[in-house]
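Trainee: I would like to go through the labels used for this model and check each one against its cut-off.
Mentor: Go ahead; here is the entry.

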Amino acid sequence: MLENIERDTLVPRAARSAETRGRDREEVEDDIRPSYQRDRDRIIHCKAFRRLKHKTQVFLAPEGDHYRTRLTHVLEVTQIARTIAKSLRLNEVLTEAIGLGHDLGHSAFGHAGEAALNKLVKGGFDHYRQSVRVVEVLENDGRGLNLTIEVRDGILKHSKGEKGELLRRRPKSRALTLEGDIVRISDIIAYVNHDIDDGIRAGVLTEDDIPKDIRNALGNKGGDRIDRMVRDVIDSTLACDYEQISMSAEVLGALEELRTYMFQNMYLTPTVRGEFVKAQRTLTALFEHVIANPSEFLDLSRDEPVERLAIDFIAGMTDRYAINLYERLFVPRAWV
């Protein structure tokens, strides 16, 4: 019945649960949950998802009750993405699954931790590739979650980095589904706005600091900016007849300017970067210690290089786990 509802109500370009490209391992279909709903449920119940509540968004290991964590970021991205998908009559459940899973592989200390691990591992480290590894290999005692191809592809292709395209121009570089591309643009809509809110809370910036031309184009408050961008994605995608998830030149340009402003005036400022350096030293020291003492920390029965196992271990840590382990290993205890 649910698959028939998708068939009858979604637009032709929508991904349909009954037409998934499948999973790595065949499974008997569930009698009440279509394929993408099962993927969403598996992500919510996995251990990596629960650890997101103690992983950094911008401010490291925040003690204030209202700073974002990686988990609240994921929920805000998913909410925005679902609104866009539902309004466009695309597959809301697939969009939700990708949104909830897109940052499962993020390390402790946010992008500071990611940058540290990128220097330590041969071939580099990217949280989006690690997120796919989490769902394909690491979860469920090494069996992975066996998610559909569409969900894994959306997770893999969500990231933009500091200078990447917000909306990819080349069709071959886009996600396999429009739902995957919705999560990609929803990710930045969410983080530039909630990071502004956290920056104001931390005293790093004010709303009035944001350049006036950006505020004129997008709005003076976070809620106004999100509403402007969400409506623009919906209108622009309808205007191009679902050829791609789109944005108007005006709004896309303003969003790119806002992202650049945030990097220059918040993410890369001494106030924030000073703690980033400490975080990177912490993860580097932990990695080197684990490599030197693998049997103490790693499951060496897994047929993979020690470096790979160490990266999986370090990347899976929460902020507080990493800090506590560092203190236990490297900070002298007072004699009692």
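Mentor: Buried means under 20% relative accessible area, and exposed means over 50%. This is a predicted model. Both Glu96 and Arg40 are buried, so each falls under 20%.

Trainee: What makes the contact between Glu96 and Arg40 a salt bridge?
Mentor: Their side chains meet at 3.1 Å, N to O. The limit is 4 Å between a side-chain nitrogen of Lys or Arg and a carboxyl oxygen of Asp or Glu, so the pair qualifies. Glu96 sits in helix α5 and Arg40 in helix α2, 56 residues apart.

Trainee: Why is Arg231 called exposed?
Mentor: Its relative accessible area is 52%, and the cut-off for exposed is over 50%. Asp227, at 39%, counts as partly exposed, because that value lies between 20% and 50%. The two side chains form a salt bridge at 3.0 Å, N to O, and both residues lie in helix α11, 4 residues apart.

Trainee: Which residues have the most contacts inside the largest nonpolar core?
Mentor: Among them are Ile185 and Met247, in a core of 94 residues. Beyond its sequence neighbours within four places, Met247 is in contact with residues including Ile185, Ile189, Met229 and Val233.

Definitions and conventions. Residues are numbered from 1 along each chain as its sequence is written. This is a predicted model: local features need pLDDT of at least 70, side-chain atom pairs count only at pLDDT 80 or more; totals for chains, interfaces and linings use all residues. Side-chain values use heavy atoms; hydrogens and water are left out. A nonpolar core is a set of buried Ala, Val, Leu, Ile, Met, Phe, Trp, Tyr and Cys residues joined through side-chain atoms within 4.5 Å. Buried means under 20% relative accessible area, exposed over 50%, partly exposed in between (1.4 Å probe, protein chains only). Contact means heavy atoms within 4.5 Å. Helices (H or I, at least four residues) and strands (E, at least two) are DSSP runs, numbered from the N terminus.
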